[in-house]
Amino acid sequence: MACVSDKCWELFPEKLSMSTLQETENGGEPKLMSIKFPFEKVFPVYAMGLSKPDTDSVANSGHDPIWDAVREEAKLEAEKEPILSSFLYASILAHDCLERALGFVLANRLQNPTLLATQLMDIFTDVMMHDRGIQQSIRRDLQAFIDRDPACLSYSSALLYLKGYHSLQSYRVAHALWKQGRKVLALALQSRISEVFGVDIHPAAKIGDSILLDHGTGVVIGETAVIGNRVSLMHGVTLGGTGKEIGDRHPKVGNGALLGACVTILGNIKIGEGAMIAAGSLVLKQVPPHR
């Protein structure tokens, strides 16, 4: 395939690994301390969503530390678990960039007898390789999982195993197709994403970056919903309509908000920046910002 790199595996540079960990530790702790939420003891990690992400677009820097970390983690895991070495090579080490590796992973998760993995990979790769916004978002989302999900062990584990991340990036491709006017294909992807991951996001919905979609199961996001940057959504969140409106009828969620498990927000209402909605809440009115 065109996405396969001819480069041989290289040993992991220990210095890079240490500096990556140091950046995470040094960058993560001040962020947490700088945000003073009244419920920080209840949401000690997820509330970090208000912090500005350190990860910037690779296109701006020419260097991709996240992809470097993913590859080196995969090499180490292949050494520790030889039974997974073929899987890790095919999914990560055979590719020359994060976009192609992610396209491979998503295509193999979403394939079926009529949507072949090769076809899906061509679609995912073509969209991601030509959309700098998506290139930035897939990295910032990956960093969000590392920063705000205590169960996320590494960049590579999020890329390979977390369906919240998979469903979010699949949505991003479907959204790009929707904007290109390829709405039938976008809806076909939405249907398949819902079937495989249990996450139903309309391709016309607008979602920012640095998003944490924790677990993902049961999340429903309607057509005219808008989600800002650095938002955390737990499982079972619904951003829906009341059934009494047409047109712009879904919620607008501000930057840095936290939506707890099984939160239901209905109607064209605003959830303010930094707001935290407790698990199981039914929200029918605007929620003011929390700074």
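Entry 1, Leu-142. I looked up the contacts of Leu-142 (contact means heavy atoms within 4.5 Å) and, leaving aside neighbours within four places in sequence, I found Ile-66, Val-70, Tyr-155, Ala-158, Leu-159 and Tyr-165. I note that this is a predicted model, in which local features need pLDDT of at least 70 and side-chain atom pairs count only at pLDDT 80 or more, while totals for chains, interfaces and linings use all residues. Residues are numbered from 1 along each chain as its sequence is written, and side-chain values use heavy atoms, with hydrogens and water left out.

I placed Leu-142 in helix α7, residues 132-148; helices (H or I, at least four residues) and strands (E, at least two) are DSSP runs numbered from the N terminus. Leu-142 has 0% relative accessibility and therefore counts as buried (buried is under 20% relative accessible area, exposed over 50%, partly exposed in between, with a 1.4 Å probe and protein chains only). I also checked Leu-142 against Asp-209: they are 67 residues apart in sequence and 9.8 Å apart in space, C-alpha to C-alpha.

I found His-166 in helix α9, buried at a relative accessible area of 0%. Not counting residues up to four places away in sequence, His-166 touches Val-105, Leu-106, Arg-109, Ala-158, Leu-159, Leu-160, Tyr-161 and Phe-197.

I read an angle of about 75 degrees between α6 (residues 117-129) and α9 (residues 163-179), with the axes 10 Å apart. Axes are lines fitted to C-alpha atoms, for helices over the stretch in contact, and angles run from 0 to 180 degrees between N-to-C directions. The two helices are therefore roughly perpendicular (65 to 115 degrees; under 35 is roughly parallel, over 145 roughly antiparallel, the rest oblique). From α6 the contact takes Ile-123, Phe-124, Val-127 and Met-128, and from α9 Val-173, Ala-176 and Leu-177. I counted the classes as 7 nonpolar, no polar and no charged residues; Ala, Val, Leu, Ile, Met, Phe, Trp, Tyr, Cys and Pro count as nonpolar, Asp, Glu, Lys and Arg as charged, and the others, Gly among them, as polar.

Entry 4, α5 and α6. I found that the axes of α5 (residues 98-110) and α6 come within 8 Å and cross at roughly 145 degrees. Their contact has 11 nonpolar, 3 polar and 2 charged residues.

I traced an open sheet of 4 strands in the order β2-β5-β8-β11, with parallel pairing (two strands pair if DSSP finds at least two bridges between them). The edge strands are β2 (206-207) and β11 (270-271).
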